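Morning, everyone. Please look at the structure with me for a couple of minutes.

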Amino acid sequence: MEPLQSTDPLRIGAFRVAARLGAGGMGRVYLAYSSAGRRVAVKVIHARFAADPEFRARFRREVTTARAVGGAFTAPILDADPDATNPWLATEYVVGPSLHAAVAQHGPLNVDAVFTLGAGLAEAVAAIHRAGVVHRDLKPANVLLGADGPRVIDFGIAHPVGATRLTEAGAVIGSPGFMAPEQLRGVADPATDVFALGAVLVYAATGENPFGRAAVPVLLYRLTNEEPQLGDVPDPSLRDLLGRCLLRDPAARPTTETVLDALAARNGAAKPAGTSWLPNAVAADITRILHELPAERPPLTRRRVLVGAALGGVTVVVGGGIAAATLLTDDEAEPTAAPATSVAPASTPSPTPAVTRVGRQRWRTKVGDYTSSGPATGSGRVYVGTPQLLHALDARTGKRRWTTPGDGEFRGVTLVGDHAIYASNADGYLYAVDPASGARRWRRRVGGIAPSAPVVVEGVVYVIGLATGQDSEGEGRTGDVVAVDAGTGSPHWTRTLTTRKATIHVTGGTVLVAGTDALHALDAAGGATRWRRPLAEPTPAVSVDRTVFCGDQQGAVHAIDLRTGAILWTTPASPDGLRTQPWADPDGARVFVCDEHGNLIMVDLARRAAGWTFAAGASNPPKGAAGSVVVAGNHSVYAVAAASGQPQWRFDVDGYVNDMARPAVTTDTVYLGDTDGDFYALDLAGGSSPAPG
């Protein structure tokens, strides 16, 4: 499971997205929540495949197939939209590893667990066949080990019984090592799934598929010319049953019902209860996954979707195309006051780092369904975005001062002195707003989506609008770097680049943009290229004096001359790729960056070398002040001593801190929001009570 990134959706259909579960060649899978708080897995197809009519037809068939299948040991489909720009389907979220992952990590299952697994899978396959379809791709990766039994998932290549040739000539559907011989001829019927079931159970019992490990052509040769390898299956009766499932002649294999009866007879007819049917190590994995899940979301209402959680009668009036912000009076509702110290919920496990102190909450208030932007601070107020609304809060008390509506999800907020707020949203609009009243001054379309905070320098606003409707991984995504007049919103220039990052840095008359294969330096006055430094997926940049710092996908930090683009020095920082914009401390002695695994890394600029590393699980760029560095990710916020890397405190939020809702840090306060719509003010100096766990 990974935190959301800035280009990930926060909603898919009626579901609120909480985290990334994984990705494959065809799409990405997200953990999400229904309006009632039910966990679901949402599979979203990459746009490049959705544009293919044949692939879209196949996905539509998958949805139809999955809706027809029932049974206790399949993951039911809850909702789907095959006709969306990026087609998606939502199924029950099963808490547990795949059989493939469990065996790869912990070794073969014990005999009793294999019998229980087999009985559940046989029942699932029987339910699939009763719906009139054949799975055709039953394999360990498509079997999840849940607390109450296994689940068969992924009907992506399932098809109706009798429709034996749905692919082009020469195409083979199935997974070598687990597919039946007749699939090489483009034929599949219920006996095909019985063969795969036998192969899967051989893997569960021995850690190997019945035809060994080899290149695909060798596996296919063995499938049609050699007998399966069953000598390591520990139980004679199981070995005999699996041998019959793996007979080359489909007509000679037992039926699914015969297999189910034989397997269920071993452990009786009782269904799995809890994790007792699983090996202890796998049961521990399930417990760990449960603890790492984001908390359940509160139910949505239409009012909350439209106007957010309006405290004390906040109203928004939209009429005649003019949006008006309603100010709150002093006698309206106050946010929840904080105790002297904050204690993390008992149900939230301690993260890997040993942290001895808990952060102290100053105040906490509800701002809406979820926070969708990082905050901006200044003039005694905090400004933060949620879906459809921009909020101004009193920085000392958290009391709401005004709200103003927008056209979509606010993703970035920047305050310039006492003069103006500039905010971007996910629908590609840039706004200028009066910080005192919330009144909108102007709105400018910048194209695509604008998921990062605008940068304002010398009367010009710079922002990136990423193109929409492209691959969810950002492959080939273009971005328009747009410069507009801060006072009027009138355009100065636009420059289109290929980029996955929507964060820019402006310094010394230069706009720095991280492209997919290079760091670009553009002239701030006209957008022309000053220089281009080829790098492997560079991070957004930061500067100290006339030196630019950025990381790359190879785990290195580069120091680059701002004037020429020449690399001054490079140092390895992590064995994994670096993912966040670095942060430089005020004295220019160090920069801090996070890698793909969320580790916070300090780079000493005098030594030109990486120093300490702190494992924080961070999903946001580091920020800091007063000798501390703050990072956030998953459920937790950490403060770390900048010089030593010693953890100072940890604070656990109720929801989930994603890449959009990155914290803001002042000299004494940390401000951030979560996916539950709670917004927090934390004491940068920390608390005094021991950290839980």
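Start with Lys 623, which stands opposite Val 630 in β38. This is a predicted model, where local features need pLDDT of at least 70 and side-chain atom pairs count only at pLDDT 80 or more, while totals for chains, interfaces and linings use all residues. Residues are numbered from 1 along each chain as its sequence is written, and side-chain values use heavy atoms, leaving out hydrogens and water.

Strands here are DSSP runs of E, at least two residues, numbered from the N terminus. Two strands pair if DSSP finds at least two bridges between them. β37 and β38 (residues 628–641) have 3 bridges and run antiparallel. Now the whole sheet. It is open, with 3 strands in the order β37-β38-β39, paired antiparallel. Why does one side of β37 and of β39 lack a neighbour in the sheet? Because β37 (623–625) and β39 (647–657) are at the edges, each with a single partner strand.

Next, Lys 43. UniProt lists Lys 43 under "binding site", in an unreviewed entry. Such annotations may be inferred rather than shown by experiment. Lys 43 sits in strand β4 (residues 39–45). Beyond four places in sequence, its contacts (heavy atoms within 4.5 Å) include Glu 62, Trp 88 and Asp 154.

Last, the cysteines. A disulfide is a covalent bond between the sulfur atoms of two cysteines. The rule here is a pair of cysteine sulfur atoms within 2.5 Å. How many disulfides does that give? The count is 0.

Notes: Helices (H or I, at least four residues) and strands (E, at least two) are DSSP runs, numbered from the N terminus.
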